[in-house]
Amino acid sequence: MVARGHFETKAPTIIDVAELAGVSKSTVSRIINGHEGVNKDAARRVRGAMYKLGYTTNQAARSLRTRKSQMVGVIIPALNEIYSQKAEGVDESLRVQDVSTVVSFFGWSVQKFIDSMEGLISRGVDGLVASLPSDRDERIQECIRNSKVPVVLLDREVDLATNDAVLTDSWIGIHDSIAHLAQVGRSRIGLITMSASNRPGRVIHEHYLKALGEFGLLEQSEGLLVRTNDLSIDSGRRAITDLLARGIDAVIAATPMAPLSGVMRGITDSGLSFPRDVSLVGLHENELSLAKFPKLSVIDRSLRSLGVAAGEMILARIADPSRPPDIRTFPTYFSRGESSDPQDSLLMAGHRR
């Protein structure tokens, strides 16, 4: 026996917690394991006793008893301004239930995604929240359908699968942005968006065409679409250079911030400016766009809310694997800045002076 000072320190047990809180051992166990229906006052006393005694659960032993690791894997392509907010939202939901988040990145590689998925499952995660590199790739579809753990999809849909999913409805944001562009006199409206191999790229294009038709601009804007898989600054610059050569007077850049920055750079490199020569609408408001002048007009949504919902859904699925599939859809909206109305170029000129 190794003495520590004059006494040997003994780790507090569940019995110590029960005695201090004035409840039974089974009540403490139910609170630790997150069971519902426990008296709130008893739960408060138990948590207070655990804090005073320095009691911590033995997670390894608990996992063996429950066959749950209390870990959920989150698979995303990159930690940019879009996916970081989604991942934070997932973690926010999980932490409430003392579930840990394990994040893995795949950089838009199908094979790396498959490796990430298999690696997290082998580590014993209880479920996955995933944004796929392609929801039309047969290898990925097979992995999702045959997954040994439940999977919640982030803005993706897999054919013939019955996964829970958190989706974005881009209609209101696209519709209102095109209504605004038509109102300020724009008629050749280009679109830069992601590949059709994923739901956002397909749905945004579908809603863009529908809105153009509603405002009588479909013929004038025919063929003014550029898709990009390479979400880099250079890809944005190449896309806008292509569209400018086709004579656009407005562009909706439905991309993350890096290619959007390339779009902005490409406009100025061409000797043009926005919004005087070309009206610009981006995707998602963030700190950078708020700090810039002109303030960007954007199609926005609550990215964090998507993540929070996905976290809630994976916890519900783990608790009840037989529950019906849950599909939640979040709307977008148009937020007008100074980058889309040519009349605002007068304001910008005054600002520069």
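Modeller: Start with the aromatic cluster formed by Tyr 83, Phe 106, Trp 108 and Phe 113. The model is predicted: local features need pLDDT of at least 70, side-chain atom pairs count only at pLDDT 80 or more, and totals for chains, interfaces and linings use all residues. Residues are numbered from 1 along each chain as its sequence is written, and side-chain values use heavy atoms, with hydrogens and water left out.

Biologist: How many aromatic pairs does the structure hold?

Modeller: The structure holds 3 aromatic pairs. Rings of Phe, Tyr and Trp (its six-membered ring) pair if their centres lie within 6.5 Å.

Biologist: Why are Phe 106 and Trp 108 called an edge-to-face pair?

Modeller: Their centres are 6.1 Å apart, with 85° between the planes. Planes over 60 degrees apart count as edge-to-face, under 30 as stacked and the rest as tilted, so the label is edge-to-face.

Biologist: What makes Phe 106 and Phe 113 an edge-to-face pair?

Modeller: Here the figures are 5.4 Å centre to centre and 90° between the planes. That angle is over 60 degrees, so edge-to-face applies.

Biologist: Is Phe 106 buried or exposed?

Modeller: Phe 106 has 1% relative accessibility, so it counts as buried. Buried means under 20% relative accessible area, exposed over 50%, partly exposed in between (1.4 Å probe, protein chains only). Phe 113, at 0%, is buried. Trp 108 has 26%, so it is partly exposed.

Biologist: What makes H2 and H3 roughly perpendicular?

Modeller: The axes of helix H2 (residues 25–32) and H3 cross at roughly 85° and come within 10 Å. That angle falls in the 65 to 115 range, so H2 and H3 are roughly perpendicular to each other.

Biologist: Where do H2 and H3 make contact?

Modeller: Val 28, Ile 31 and Ile 32 of H2 meet Ala 42, Ala 43, Val 46, Arg 47 and Met 50 of H3.

Definitions and conventions. Axes fitted to C-alpha atoms, helices over the stretch in contact; angles between N-to-C directions. Helix = DSSP H or I, 4+ residues; strand = E, 2+ residues; numbered from the N terminus. Parallel < 35°, antiparallel > 145°, perpendicular 65-115°, else oblique. Contact = heavy atoms within 4.5 Å.
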